[in-house]
Amino acid sequence: MHYIMATERVLHMKGGDGETSYTKNSLLQRKVASMVKPILEDTVKRLMSNFSSERCWKVADLGCSSGPNSLFFVSNMLSIMDNVSMSINHRKPRVFQIYMNDLFGNDFNTIFKLIPDFFQRIHEEKNDNHGRCFIHATPGDFYGRLFPDDYIHFFHSSYSLHWLSQAPKSSTNIDEPLNKGNVYITNTSSPSIREAYFNQFEKNFKLFLKSRSVELKSDGVMLLTLIGRDETHKIGNPVEVIGMVLNDMVQEGLVEEKKLDFFDLPIYGATAEEVRQVIEEEGSFAIQTLRTFNIGWDANLHEDVDDSILDSKMKGEFVAKSIRAVFDPLLSVEFGEDTMDEFFTRYAKKVASLIELETLEYTNVVVSMSKVS
Ligand code: SAH
């Protein structure tokens with residue numbers, strides 16, 4: 001009997017701070033956050049002008065995961081606020097309540113352990129001119145309610161909203177595989193597969209928008225960055241390669257064919273137009289900025305190494321590590337922990353061969369919006 005796993009129960013990034021952890025393998029996500037900084041700046045400026053006499057700011061980061069990236073967002077936001085208040089000569093002391101949200105299985109402890117150094121750093125940099133900052137954890141599913149009504153000023157989420165609450169279902173027969181021989185949409189997928197994925201995304205994203213609009217104060221703002229899709233790319237998302245490798249392993253008898261047939265990844269890369277369409281149909285938010293930008297799968301391979309000296313083998317290994325930190329927990333449940341080393345060795349080789357033939361890039365969608373009052 002086929003069952004659909006609820007993401008909420010099983011999903012978490014690889015915890016701790018070991019070699020294969022998300023903490024050690026999330027440089028790409030950090031680079032994305034740096035690229036979005038100008039839009040973060042505009043969003044924070046709008047926020048500050050919407051609430052010009054506010055003293056206590058409530059800000060939530062949704063899908064914060066467990067690495068240093070979550071605090072990276074917080075420090076960026078604090079320094080932008082600081083610069084803006086200096087420029088308008090608005091130096092009254094402020095209080096920040098920062099809410100870090102992720103699913104129940106997230107390794108929040110890894111974030112907590114980074115907090116003392118973080119506090120010390122902002123204290124040294126700013127001599128406490130930032131105001132006081134309190135950090136809270138809010139475990140829960142963002143496809144539902146997380147906060148009281150009329151509570152938050154600013155919602156932020158980076159690289160999380162392409163996760164669906166579950167993989168799409170076959171609308172006709174649950175015992176039939178929807179997406180035989182694949183784990184995601186590929187350029188050979190039938191329109192019904194694309195439609196099933198889009199429908200699940202639409203349902204989830206509408207619920208997300210509705211929930212956030214109730215929780216936001218009027219004039220509150222929201223900034224979202226998600227992995228999107230560019231239909232001109234032949235291979236757009238590294239998860240397509242997960243399907244290729246699993247297929248090879250089925251051919252060699254290392255993975256059961258049925259397991260592959262019934263397994264689909266609960267993620268969806270929406271186009272910018274689809275994001276716009278869902279936001280407009282849902283109706284709680286007015287879009288200020290909607291943009292796309294690309295980033296290589298192997299971007300930020302090493303912070304201080306010149307990318308041009310890296311060969312395709314190293315790039316393949318880097319992509320495999322960053323994909324492992326995200327997908328290992330989910331794939332282990334389905335295909336067994338003991339196949340993971342073999343799987344990711346093959347994955348690295350596959351990416352290394354593909355990267356020689358074409359440019360492998362993510363397309364990201366970033367959208368900044370305000371609550372419609
Ligand atoms: N923002 C971080 C983490 C991105 S990884 C960064 O930029 O590095 C995506 C995170 O979204 C994961 O930690 C995953 O657990 C979380 N996530 C996925 N679906 C979620 C949901 N429904 N509710 C809350 N968090 C979710």
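**Figure 1. Phe198 in the predicted model.** Phe198 is buried, its relative accessible area being 14%, and the model in which it is shown is a predicted one. Phe201 likewise counts as buried, at 1% relative accessibility. Phe198 and Phe201 are three residues apart in helix H6, and about one helical turn therefore separates them. In an α-helix there are 3.6 residues a turn, so residues three or four places apart point the same way.

**Figure 2. The aromatic pair of Phe142 and Phe208, with a second pair in helix H6.** The structure contains 24 aromatic pairs. One of them joins Phe142 and Phe208 in an edge-to-face arrangement, with 5.5 Å from centre to centre and 85° between the planes. Phe142 belongs to the loop between strand E3 (132–139) and E4, whereas Phe208 belongs to helix H6 (residues 191–215); the pair therefore ties together parts that lie 66 residues apart in sequence. Both Phe142 and Phe208 are buried. The pair formed by Phe198 and Phe201 is tilted, because the ring centres are 6.4 Å apart and the planes stand at 45°.

**Figure 3. The aromatic cluster that includes Phe142 and Phe208.** A single aromatic cluster is formed by Phe142, Tyr143, Tyr184, Tyr197, Phe198, Phe201, Phe205, Phe208 and Tyr268. Arg212 is placed over the face of one cluster member, Phe208, at 5.0 Å from the ring centre.

Figure 4. Glu215 is located in helix H6 and counts as buried, because its relative accessibility is 0%. When residues up to four places away in sequence are set aside, Glu215 touches Gly144, Arg145, Leu146, Phe147, Pro148, Asp149, Asp150, Tyr151, Ile152 and Phe155. Among these residues is Asp150, which lies in the loop between E3 and E4. The phi of Asp150 is near 55°, a positive value in a residue other than glycine. With a relative accessibility of 47%, Asp150 counts as partly exposed. Tyr151 is also touched by Glu215, and the charged end of Lys58 sits over the ring of Tyr151, 5.0 Å from its centre.

Figure 5. Ser65 is found in the loop that runs between E1 and H4. Although Ser65 is not a glycine, its phi is positive, at about 60°. Most residues other than glycine have a negative phi. Ser65 is buried, with a relative accessible area of 5%. Cys64 is buried as well, with a relative accessible area of 5%, while Cys56 counts as partly exposed, at 22% relative accessibility. A search of the whole structure gives zero disulfides.

**Figure 6. Helix H3 and the elements that cover its buried residues.** Helix H3 (residues 37–50) has 14 residues, which at 1.5 Å a residue should span 20 Å; the C-alpha atoms at its ends are 20 Å apart, in agreement with this expectation. The expected span is taken as 1.5 Å times one less than the number of residues. Within H3, the buried residues are Ile39, Leu40, Thr43, Val44, Arg46, Leu47 and Met48.

**Figure 7. The largest nonpolar core, viewed around Phe327.** The largest nonpolar core comprises 109 residues, and Ile242, Phe327 and Tyr347 are those with the most contacts inside it. Helix H10 (residues 312–335) gives the most to this core, contributing nine residues. Apart from its neighbours within four places in sequence, Phe327 is in contact with Trp163, Val239, Ile242, Leu265 and Ile267. In soluble globular proteins, nonpolar side chains tend to be buried together.

**Figure 8. The protein chain as a whole, for orientation.** The protein chain has 11 helices and seven strands. Of its 373 residues, 57% count as buried. Among contacts in the chain with a separation of 6 or more, 84% are between residues 24 or more positions apart.

Methods:
Residues numbered from 1 in each chain as written. Predicted model: local features only at pLDDT ≥ 70, side-chain atom pairs only at ≥ 80, totals over all residues. Heavy atoms only, no water. Core = buried A, V, L, I, M, F, W, Y, C linked by side-chain atoms within 4.5 Å. Buried < 20%, exposed > 50% of the residue type's maximum accessible area, 1.4 Å probe, protein only. Helix = DSSP H or I, 4+ residues; strand = E, 2+ residues; numbered from the N terminus. Contact = heavy atoms within 4.5 Å. Phe/Tyr/Trp six-rings, centres within 6.5 Å; stacked < 30°, edge-to-face > 60°. Lys NZ or Arg CZ within 6 Å of the ring centre and 35° of its normal. Disulfide = S-S within 2.5 Å.
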